[in-house]
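Thanks, everyone; I would like to take a few minutes to walk through one structure, beginning with a helix, then a loop residue, and ending with a pocket. Please have the sequence and the model open as we go.

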Amino acid sequence: MSARDRILAKLRAGAPSENRSEPDVAGWFASHRPVETAVQKVARFRSCIELAHAEVHAVTPNNWLGKLHAVLHARGVDKILVAEGTAHGDAALDRLPPQGIECSTYDIAIEAWKSELFNATPASLTAARAAIAETGTLILWPDEHEPRLMSLVPPVHIVLLDAAAIYNTFFEAMQAEGWKDGLPTNALLISGPSKTADIQQTLAYGAHGPKELIVLLIGDEQ
């Protein structure tokens with residue numbers, strides 16, 4: 001008998017003799033997590049993600065582009081990567097260039113513009129699918145319009161989030177969004193700027209991704 005066969009035999013011997021019932025996950029969350037109002041969820045989300053060094057700005061559907069311009073101008077950023085073919089990306093393409101902000105798009109294979117993306121793209125704009133109040137976490141759902149690298153490479157990552165899409169918990173988000181019916185190749189949970197403390201336990205931001213995470217929160221009345 002080979003080592004592989006011996007390992008598999010031990011695993012089979014240790015397997016339960018009968019099927020066990022599935023845990024009542026929904027019941028557990030119902031009894032252990034508070035259900036908050038929309039205003040409370042927004043407040044908790046902001047508190048948690050700001051504690052993780054993200055920056056949050058309350059905006060409206062009509063003024064978020066103005067705030068985006070102000071955020072970029074304050075940092076001296078005159079170029080941003082946007083997703084052509086999305087409502088927010090197309091709006092940025094229409095409004096920002098006349099105001100002095102160059103907009104680039106992710107419309108060719110990465111091999112053809114890798115150097116520009118990594119060395120000459122200071123900021124990017126993406127939209128969040130939803131967010132989690134309990135942990136202050138953004139949920140991004142990369143697709144052909146907004147590939148994963150848009151949220152991973154540029155030093156400043158700006159995310160547009162609708163306050164109506166903030167859920168109490170990760171479990172609630174998965175249930176409400178119907179994750180069981182179809183997952184993308186890559187679902188992202190982002191709770192702040194990229195950071196690491198691997199070296200000498202000294203916390204550093206931007207080691208493996210954006211140094212700054214900025215949330216434009218549509219519908220936040222605070």
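A residue is called buried here when its relative accessible area is under 20%, and exposed when that area is over 50%. Please keep in mind that this is a predicted model.

With that in hand, consider helix α4, residues 64–74, in which Trp64, Leu65, Leu68, His69, Val71 and Leu72 are buried. Looking down the axis of α4, these buried residues fall within an arc of 160°, so they line one face of the helix. On the other side of α4 we find His73 and Ala74, which are exposed. And what do the buried residues of α4 pack against? Their partners are the strands β1 (55–59), β2 (79–82), β4 (123–127), β7 (156–162) and β12 (212–218), together with helix α5 (87–95). After α4 comes Gly76, with a positive phi near 70°.

Let me turn to Ala120, which sits in the loop between α6 (114–119) and β4. Ala120 is partly exposed, its relative accessible area being 38%. Leaving aside residues up to four places away in sequence, Ala120 touches Lys79 and Ser115; Lys79 is 41 residues from Ala120 in sequence, yet their C-alpha atoms are 8.7 Å apart in space.

Finally, the largest pocket has a volume of about 220 Å³. Its lining consists of 15 residues, with Arg148, Ile190, Gly192, Ser194 and Pro210 lying nearest the centre. The largest share of that lining, three residues, is supplied by β9, and by class the lining comprises seven nonpolar, six polar and two charged residues.

Definitions and conventions. Residues numbered from 1 in each chain as written. Predicted model: local features only at pLDDT ≥ 70, side-chain atom pairs only at ≥ 80, totals over all residues. Heavy atoms only, no water. Buried < 20%, exposed > 50% of the residue type's maximum accessible area, 1.4 Å probe, protein only. Helix = DSSP H or I, 4+ residues; strand = E, 2+ residues; numbered from the N terminus. Arc of directions from axis to C-beta. Contact = heavy atoms within 4.5 Å. 1 Å grid on protein atoms, 1.4 Å probe; cavity = no way out; pocket = protein on both sides within 12 Å on 5 of 7 lines; lining within 4 Å. Points joined across faces, edges and corners; volume = space filled by probe spheres on them. Nonpolar A, V, L, I, M, F, W, Y, C, P; charged D, E, K, R; others polar.
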